[in-house]
Amino acid sequence: MNRSIRLAALALTALALTTACGGSDGDKADAGQRPAQAEQAAAPAVTFPAPSGAPAPAATLARVPAKGEVRLEQGPFTDRVRVTKLQLSEKASGKSSVTGHFAITSDVSDVLALELRAAFYDESGHLVGTGSFQYAEEGEAGEAAHGTPGHAGPRAEGAGIDFTAVPKTPLTGKAASAVLSVPVLVNE
């Protein structure tokens, strides 16, 4: 009999909690809900910052590349592209750059946005700076809508494009190697 009383008490407690949480049509329940609804309406909407893009490059590389080597970092788009003729070069002005050829292999739709990032490393594998290459083109429908002429040069899809990723700010040391990543690739 003691067990029956406990079960009955538990059932009544559950019923009371369900009724209290669920509300009712009575004036007391409506009065209790109005202030909470007013607070929710008055509270500012929670917003999250926009993604900041690709993660920062490694400060040091676990495996130091050979001098002049340029590696392609595996990422979400590397299975859809082909990057060839990668080369680390230094201009007469002392600015380092990564050059190569980029082509999309998965489809033939127009590229709307492309960003390639190069992380430059010294001989000991320490990061000395970063550079980037941005590319954008609109498809024929977008060009017609904006009244702009078609893209006259090579396109990233099909045969591909040549690129040069150059640092915007001077490197903090002499680049001996680089790691290239594809943080942005948007096509129709």
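**Figure 1. Surface and overall fold of the chain.** The chain exposes about 12,300 Å², and carbon and sulfur atoms supply 59% of that area. Accessible areas come from the Shrake-Rupley method with a 1.4 Å probe, and for residues only the protein chains shown count as cover. This is a predicted model, in which local features need pLDDT of at least 70 and side-chain atom pairs count only at pLDDT 80 or more, while totals for chains, interfaces and linings use all residues. Residues are numbered from 1 along each chain as its sequence is written, and side-chain values use heavy atoms, with hydrogens and water left out. Three helices and seven strands make up the secondary structure, where helices (H or I, at least four residues) and strands (E, at least two) are DSSP runs numbered from the N terminus. Along the sequence they follow the pattern α-α-β-β-β-β-β-α-β-β. Of the 188 residues, 29% count as buried; buried means under 20% relative accessible area, exposed means over 50%, and partly exposed lies in between (1.4 Å probe, protein chains only). Among contacts between residues at least 6 apart in sequence, 67% join residues at least 24 apart, a contact being heavy atoms within 4.5 Å.

**Figure 2. The largest pocket and its lining.** Rolling a probe the size of a water molecule over the atoms shows where empty space is left. About 430 Å³ of space lies in the largest pocket. Of the 25 residues that line this pocket, P55, P57, E73, R117 and S181 are the closest to its centre. The elements that give two or more residues to the lining are β4 (111-121), β5 (127-135) and β7 (177-187). Sorted by class, the lining has 14 nonpolar, seven polar and four charged residues. Here Ala, Val, Leu, Ile, Met, Phe, Trp, Tyr, Cys and Pro count as nonpolar, Asp, Glu, Lys and Arg as charged, and the others, Gly among them, as polar. The search uses a 1 Å grid over the protein atoms alone: a pocket is an open set of points where a 1.4 Å probe fits, with protein on both sides within 12 Å along at least five of seven lines, and lining residues have an atom within 4 Å of a point. Grid points are joined across faces, edges and corners, and the volume is the space filled by probe spheres set on the points.

**Figure 3. S177 and N187 in strand β7.** S177 has its place in strand β7. With a relative accessible area of 1%, S177 is buried. Leaving aside its neighbours within four places in sequence, S177 is in contact with P65, A66, E69, L88, A119, F120, Y121 and D122. N187 is also found in strand β7. N187 is buried, at a relative accessible area of 15%. The C-alpha atoms of N187 and D110 are separated by 5.6 Å, although the two residues are 77 residues apart along the chain.

Figure 4. Side chains of opposite charge can pair when their charged atoms come close. A salt bridge is a side-chain nitrogen of Lys or Arg within 4 Å of a carboxyl oxygen of Asp or Glu, and by this rule the count comes to five. In the bridge between E123 and K67, the closest N and O atoms are 3.5 Å apart. E123 lies in the loop between β4 and β5 and K67 in the loop between α2 (27-42) and β1 (70-72), so the pair ties together parts that are 56 residues apart in sequence. E123 counts as exposed at 58% relative accessibility, and K67 counts as exposed at 64%.

**Figure 5. Further salt bridges.** E115 forms a salt bridge with R117, with 2.8 Å between the closest N and O atoms. E115 is buried, with a relative accessible area of 13%, whereas R117 counts as partly exposed at 26%. Salt bridges that share partners also join R63, E69 and R71 into one network. Within it, the side chains of E69 and R71 meet at 3.5 Å, N to O. E69 counts as partly exposed at 26% relative accessibility, while R71 is buried at 19%.

Figure 6. K85 lies in strand β2 (residues 81-90). Most residues other than glycine have a negative phi. Phi of K85 is near 55 degrees, a positive value. K85 counts as exposed, at 66% relative accessibility. T169 is found in the loop between β6 (161-167) and β7. At 53% relative accessibility, T169 counts as exposed. T169 and T130 are 39 residues apart in sequence and 8.2 Å apart in space, C-alpha to C-alpha.
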